[in-house]
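Open your viewer and get ready to click along with this tour. At each stop you will select something, and then we will look at what is there.

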Amino acid sequence: ALALGAFLLRIALYSDTERDPKADKAAQIQLLKAAKLDPSKANPFALLGIWFEDQGDLKRAEGCFRKSLRLDPCNPIAGRGMLRLFDREHLQDVMEAAIESNA
């Protein structure tokens, strides 16, 4: 489920063709399945964070990135995602909370 979800997410984000809402939803469904199958893995949550960020749902993206960083404080996908949110919205409080939750 994780590999398929990651593949579909890449196609949705990086394809030169027009976005297909069905493909976007398929990526989300596969990533949600991966997160439910093994909730101790950080990558499904990090990739879901990217998906939610791309959809404009920054609250859910932040939640997914935080969950990923709680599971793996060194996860580069989630770390970069949090930095993008910080850069995008100047969410210093988000970064401080993420750092404190891992301290």
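Start by selecting Lys67 and Phe45: Lys67 lies over the face of Phe45, at 5.3 Å from the ring centre. Keep in mind as you look that this is a predicted model.

Phe45 is one of the buried residues of H3, so let us stay with that helix. Select residues 43-55 to show H3.

Next, colour H3 by burial. The helix is mostly covered, with 10 of its 13 residues buried. Among them are Pro44, Ala46, Leu47, Gly49 and Ile50.

Now pick out Trp51 and Phe52, which are both buried. The model has 1 aromatic pair. Its rings, those of Trp51 and Phe52, have centres 5.3 Å apart and planes at 80°, so the pair is edge-to-face. The angle decides this, because planes over 60 degrees apart count as edge-to-face.

Move on to Glu53, also in H3. Is Glu53 buried or exposed? Its relative accessible area is 10%, so Glu53 is buried, the cut-off being under 20%. To see what surrounds Glu53, select Leu58, Ala61, Phe65, Arg84, Leu85 and Arg88: these are its contacts once neighbours within four places in sequence are left aside.

Just after H3, stop at Gly56, which takes a positive phi of about 90°.

Now for the core. Select Leu48, Phe52, Phe65, Ala78 and Met82, the residues with the most contacts inside the largest nonpolar core, which has 18 residues. Helix H2 (21-37), H3, helix H4 (58-71) and helix H5 (76-89) each supply at least two residues of this core. Which helix gives the most? H3 does, with 7 residues. In soluble globular proteins, nonpolar side chains tend to be buried together.

Finally, zoom out to the whole protein. There are 6 helices and 0 strands. Of the 103 residues, 36% count as buried. As a last stop, think about contacts between residues at least 6 apart in sequence: 49% of them join residues at least 24 apart.

Key
Residues are numbered from 1 along each chain as its sequence is written. This is a predicted model: local features need pLDDT of at least 70, side-chain atom pairs count only at pLDDT 80 or more; totals for chains, interfaces and linings use all residues. Side-chain values use heavy atoms; hydrogens and water are left out. Helices (H or I, at least four residues) and strands (E, at least two) are DSSP runs, numbered from the N terminus. Buried means under 20% relative accessible area, exposed over 50%, partly exposed in between (1.4 Å probe, protein chains only). Contact means heavy atoms within 4.5 Å. A nonpolar core is a set of buried Ala, Val, Leu, Ile, Met, Phe, Trp, Tyr and Cys residues joined through side-chain atoms within 4.5 Å. Rings of Phe, Tyr and Trp (its six-membered ring) pair if their centres lie within 6.5 Å; planes under 30 degrees apart count as stacked, over 60 as edge-to-face and the rest as tilted. A charge sits over a ring if NZ of Lys or CZ of Arg is within 6 Å of the ring centre and within 35 degrees of the ring normal.
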